[in-house]
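Let's take a friendly walk through the strands and the symmetry of this model. Have the sequence and the 3D view open as you read.

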There are 2 protein chains.
Amino acid sequence: MAEKITPRAQDFSQWYQDIVIQARLADYSPVKGCMVIRPNGYSIWEQIQKDLDRRIKETGVRNAYFPLFIPESFLKKEAEHVEGFAPQCAVVTYAGAKDLEEKLVVRPTSETIINSMFAKWIQSYRDLPLLINQWANVVRWEMRTRLFLRTTEFLWQEGHTCHATPEEAEEETRQMLRVYASFAEEVLAMPVVPGLKSESEKFAGALRTYCIEAMMQDKKALQAGTSHNLSTNFAQAFNTMFLDKDGKQKVVHQTSWGVSTRLIGGMIMTHSDDKGLVLPPRLASTHVVIVPIMGNAPNKAAIIEAAESLAAGIRDAGRRSELPYEVGVLVDKDESKQPGWKFHEHELLGTPVRIELGPRDLEKGQVVMTRRDLGKKEFVSLDGARQKVLEMLEAMQKDLLEKARSFRDASTQRVETYGQFSRDIEEKGGFFVAPWCQSKDCEAKVKEETKATIRCLPLDDAYQPIHEAGGCMVCGGSRANVRAIFARSY
Amino acid sequence: MAEKITPRAQDFSQWYQDIVIQARLADYSPVKGCMVIRPNGYSIWEQIQKDLDRRIKETGVRNAYFPLFIPESFLKKEAEHVEGFAPQCAVVTYAGAKDLEEKLVVRPTSETIINSMFAKWIQSYRDLPLLINQWANVVRWEMRTRLFLRTTEFLWQEGHTCHATPEEAEEETRQMLRVYASFAEEVLAMPVVPGLKSESEKFAGALRTYCIEAMMQDKKALQAGTSHNLSTNFAQAFNTMFLDKDGKQKVVHQTSWGVSTRLIGGMIMTHSDDKGLVLPPRLASTHVVIVPIMGNAPNKAAIIEAAESLAAGIRDAGRRSELPYEVGVLVDKDESKQPGWKFHEHELLGTPVRIELGPRDLEKGQVVMTRRDLGKKEFVSLDGARQKVLEMLEAMQKDLLEKARSFRDASTQRVETYGQFSRDIEEKGGFFVAPWCQSKDCEAKVKEETKATIRCLPLDDAYQPIHEAGGCMVCGGSRANVRAIFARSY
């Protein structure tokens, strides 16, 4: 009953939506802009949470939970913050059948409510650093929404930390960027460029925002995670102070950082194809589907037995292997469906490896194996299948990253002139590396005329933007020029 | 710097609050009725989630996520449901700087929004049973709140299932009650009475509500989980239909079931004592604290080395054991704190096992071990300590359940007359088992005059209330009498 997936070449945006809906990853809800994450999509989020949560905790951060509601006055305490978020807020004005004395904003992010608690909990330098994360839902009223990529409500983690010195806060900000970058590459198989946001693109209330930027298959950029050095902006507004070793009261230095369910959208647009979802093995729950080809075979029972035994063998081999996940194996015995239907279904769902096992295969002691991303059948001996599956899963995880990296690199070009940039971004798309004079005017001109933005300023080893000798791509000026990546984005 | 914990005997309610605040499990937030779950409390919730999520999934349920907001009109589609929940709703009336055309209720529970999706997803009997769970925050505006036990916002899981027949829905309802009961006893070490709620206490919109009821140390009851047979009440309101095998369109039969962060409150009030939290090992992250007693010992380094080596040995032994969790071991080397301070701190935090290791212990090749709930020091050979710790953890988990069960059983009495009941509930408290004629009037009279309610009707093997020959405890009548448990509750 599967509907046809619109090919990427025909309509990328429709292709994306077709994948999400037909693979039953998410659905539109009756509440404007809010999505429903269906079990197939939520299981990906669970894999993301499990792996990232471990990485976050390994840096000494602990999870907590803060209220969904933020008193309106709190949001207003940090001037840039309220300016940035107020237009997107959903507001509770009555509750318990009464009008509220003070309106409550549904959290768009939690810096303010969390600072009100930090101010209470932190007394002295002994309480620092304070490293907290929460997994939560947040709400930002959006005009145009797109499943996973931009929804009114979304799920995320938001880390919030307090430090005694600006140096420690900066180091924490960078450390979490590194955690995100390695997570994106190792788990999502999504290559990212770590960089610094320009002043106009930074988080409302931050001193400095770092980000990781990924390239989708339509060559547009996706901001996949951000890490903010908040300096003392919120701490001053909330009086989050500590008694330092020198006996002086000081304001804490803070960071915040987050990734969201948007990562699922980014992962889909990085790897999937016209047949459906392509899922990196580390995000799958079912890694292998075994399809017994039975038809009218007289030895049906033997085929199913061999399939079940192979499934058990793969699960067991997985547990003994170095793979950082349980290998999930499904034997699809449903006789009401044809093998061809099952092949298509599992291509749609992104099951990494398919194994076919028919009567003649059984006789010959072999199976047919197909890696989802390659789609090429391979005959493998029944004895060697367990080991081969593990190798395929490992290779697929690696290859997806490399393929995406090659694609991105091939779609990234150096430009020197605005003329060339304007033409190429329209005709070819991709990432454009060019010198920028750091003026807001040049940045705004690009945005207005080409719909591209500065995605980030790539960093050198010292986390500094990279000096460029050449003139600004936009104005030709040569004062304080740095390297920037320009691209259209989600 | 620990403040004094109010003894239970002096003020149970203050004792509870002292534990929650001083062990840094939760805190009051600036938003009325909303709590902050601090890392020490949230890690307990993480253990609860991890274990219960596995149990839920083992029954074939998958996780998903539905919107936080519910259009007001949805809530009104089921008459009893809206009547029950409307007074507790928090309502978003403007968002994105505009008044909303339709107000959005912050979910108090998700039957309605989920049914709107079920109606879309379910076509035929092949789509059934549909078994979904979500871990989420919900909001119910409460007048009187108490950390963990009753808060305006709380965290929970809510399962929602659809079935082809009433029998299957009833079986699912009961199955999840069994899951909750075994989870409560095996993990929280909290004995529960499974039972049926009276008509007046059932979920707004349900045909029938089952529950598990626990007894706290002040002999009051705590409803610790509920499982509802919703029949077709919501499905009819939302037109959640399926094409059955016989070619007829039919309405699905549904269930919903949930437990919440309230369980943490129940667990605290079941086990803790005047020294602080007592945590069943299966909910702990740090199971063992090793306190090196150094003072001015010349062989400090050797003591610390022995402590670290013991810690590693315990962790390793834990991994090789049958214990269903990683054994967390902390070596508390902080020289700025005295051993006595550490002992108190870990008693407050509920660390299940404490090990002391001083210079003379090291000479003698021994350590001093103390189980948090018993508080009795035991000398154990350094060689035998690893094994001993595992045994202690296992024994403690079991003993806590048995101790709580004995307490509950000793505080449960059979009564026949209303006079005896009224006197004893005032003087002794506890659970009162008595015949009830099933009339609302008798139930209401008890509530009004004694502040006790019918906690549940205990069940026989066929999940039926138990017939009682004697007259109703309240009116003396003898029509359709069943066994009921009366108690004051949280």
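## Strands across and within the chains

In this predicted model, strand 5 (residues 90-95) of chain A pairs with strand 5 (residues 90-95) of chain B in the antiparallel sense, over five bridges. Within that pairing, Y94(A) has V91(B) as its bridge partner in strand 5 of chain B.

How are the two chains related? Chain A is superposed on chain B by a rotation of 180° with 0.0 Å of shift along its axis, at an RMSD of 0.0 Å. This is the relation of a two-fold axis. The same surface serves both copies, with 100% of the contact residues of chain A recurring in chain B. The residue of chain A that comes closest to the rotation axis is V92(A), at 2.0 Å (C-alpha).

Strand 5 of chain A also has a partner in its own chain: strand 6 (residues 98-106) of chain A, in the antiparallel sense over four bridges. There, V91(A) stands opposite V105(A). The hairpin of these two strands has two residues between the strands, and G96(A) takes a positive phi near 60° in it.

| Strands | Sense | Bridges |
|---|---|---|
| Strand 5 of chain A and strand 5 of chain B | antiparallel | five bridges |
| Strand 5 of chain A and strand 6 of chain A | antiparallel | four bridges |
| Strand 3 of chain A and strand 7 of chain A | parallel | two bridges |

Methods: Residues are numbered from 1 along each chain as its sequence is written. Chains are lettered from A and ligands numbered from 1 in the order in which they are written. This is a predicted model: local features need pLDDT of at least 70, side-chain atom pairs count only at pLDDT 80 or more; totals for chains, interfaces and linings use all residues. Copies are superposed by least squares on the C-alpha atoms of residues with pLDDT of at least 70 in both. Two residues are in contact if their C-beta atoms, placed from the backbone, lie within 7 Å. Two strands pair if DSSP finds at least two bridges between them.
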